[in-house]
Amino acid sequence: MVGTRTQTEGSTVPTIGVLALQGDVREHARMLQEAGASATAVRRPAELDAVDGLVIPGGESTTMWKLAETFDMLEPLRLRIKEGMPAYGSCAGMIMLADRIEDGVAGQQTIGGIDMVVRRNAFGRQVDSFESDLDFAGERVHAVFIRAPWVESLGGDVEVLGRCEPGDRIVAVRQGPLLATSFHPELTGDTRVHRYFVDMVREL
């Protein structure tokens with residue numbers, strides 16, 4: 001099932017949900033609206049069924065996994081991803097979209113979908129948070145990293161969209177309808193990452 005798309009001045013306005021279990025839900029919703037989408041909070045399977053795409057925000061990946069299980073959302077999320085729903089994960093959302101993780105807690109599960117290994121808290125603790133300018137899909141963007149993961153390795157179908165120092169680490173990837181970044185574009189006021197995702201949703 002997909003959400004109701006409307007037309008505005010000849011362009012499609014997709015309905016994009018923000019997984020509202022934990023994290024920067026309001027910030028992502030605001031950026032999606034500025035990027036030309038209709039944004040809505042998603043906490044239940046019925047709400048998930050009504051959207052054309054989904055943002056999985058930053059937060060704490062172990063808490064997000066446990067809440068997804070508590071709200072009976074983990075399997076519905078996996079099913080929609082498997083069916084081809086576009087999704088964008090930032091920071092903890094990147095971890096949730098990874099097929100495999102390093103430094104996870106015992107038994108930690110993800111939604112999966114992107115053929116990559118992601119290392120949790122790879123750039124350090126909260127006190128090691130930093131900002132950096134980097135190239136994202138050919139655009140120069142300012143990125144905010146907070147207890148951020150990085151991509152340790154990836155499969156051949158995964159496209160690298162961004163890297164960051166130190167170490168030329170992979171911090172932005174795309175595989176088909178799935179997008180993930182280590183950083184938090186919702187905290188910068190720059191809508192280009194969200195516009196990139198909205199365009200992905202429109203294409204499908």
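A: Start with how the strands get their names. Strands are DSSP runs of at least two residues, numbered from the N terminus. Keep in mind that this is a predicted model.

Q: Is T110 buried or exposed?
A: Buried means under 20% relative accessible area. T110 has a relative accessible area of 10%, so T110 is buried.

Q: Which residues is T110 in contact with, leaving aside its neighbours within four places in sequence?
A: Contact means heavy atoms within 4.5 Å. On that basis T110 touches L74, R78, I95, M96, A98, D99 and I101. With A98 there is also a polar approach: a polar atom of the T110 side chain is 2.7 Å from the backbone oxygen of A98.

Q: How many disulfides are there?
A: For a disulfide, two cysteine sulfur atoms must be within 2.5 Å. The count here is zero. Take C91: the nearest cysteine sulfur belongs to C164 and is 13 Å away, and C91 is in no disulfide.

Q: Are C91 and C164 buried or exposed?
A: C91 is buried, because its relative accessibility is 4%. C164 has 2% relative accessibility, so C164 is buried as well.

Q: How do I read a pair of aromatic rings?
A: Look at two values, the distance of the centres and the angle of the planes. In this structure the search finds five aromatic pairs. One of them is F130 with F145: the centres are 4.7 Å apart, the planes are at 5°, and the pair is stacked. Planes under 30 degrees apart count as stacked.

Q: Where in the chain do F130 and F145 lie?
A: F130 is in strand β9 (residues 130-136) and F145 is in strand β10 (residues 139-145), so by position the two are 15 residues apart and the pair links distant parts of the chain. F130 is partly exposed, at 23% relative accessibility, whereas F145 is buried, at 1%.

Q: Which residues do the ring pairs link into a cluster?
A: The cluster is made of F130, F136, F145, F183 and Y196.

Q: Which residue lies over the face of W150?
A: That residue is R169, at 3.9 Å from the ring centre of W150.

Methods
Residues are numbered from 1 along each chain as its sequence is written. This is a predicted model: local features need pLDDT of at least 70, side-chain atom pairs count only at pLDDT 80 or more; totals for chains, interfaces and linings use all residues. Side-chain values use heavy atoms; hydrogens and water are left out. Buried means under 20% relative accessible area, exposed over 50%, partly exposed in between (1.4 Å probe, protein chains only). A polar contact is a pair of N or O atoms within 3.5 Å; within protein, one must be able to donate a hydrogen and the other to accept it, and residues adjacent in sequence count only if both atoms are side-chain atoms. Rings of Phe, Tyr and Trp (its six-membered ring) pair if their centres lie within 6.5 Å; planes under 30 degrees apart count as stacked, over 60 as edge-to-face and the rest as tilted. Helices (H or I, at least four residues) and strands (E, at least two) are DSSP runs, numbered from the N terminus. A charge sits over a ring if NZ of Lys or CZ of Arg is within 6 Å of the ring centre and within 35 degrees of the ring normal.
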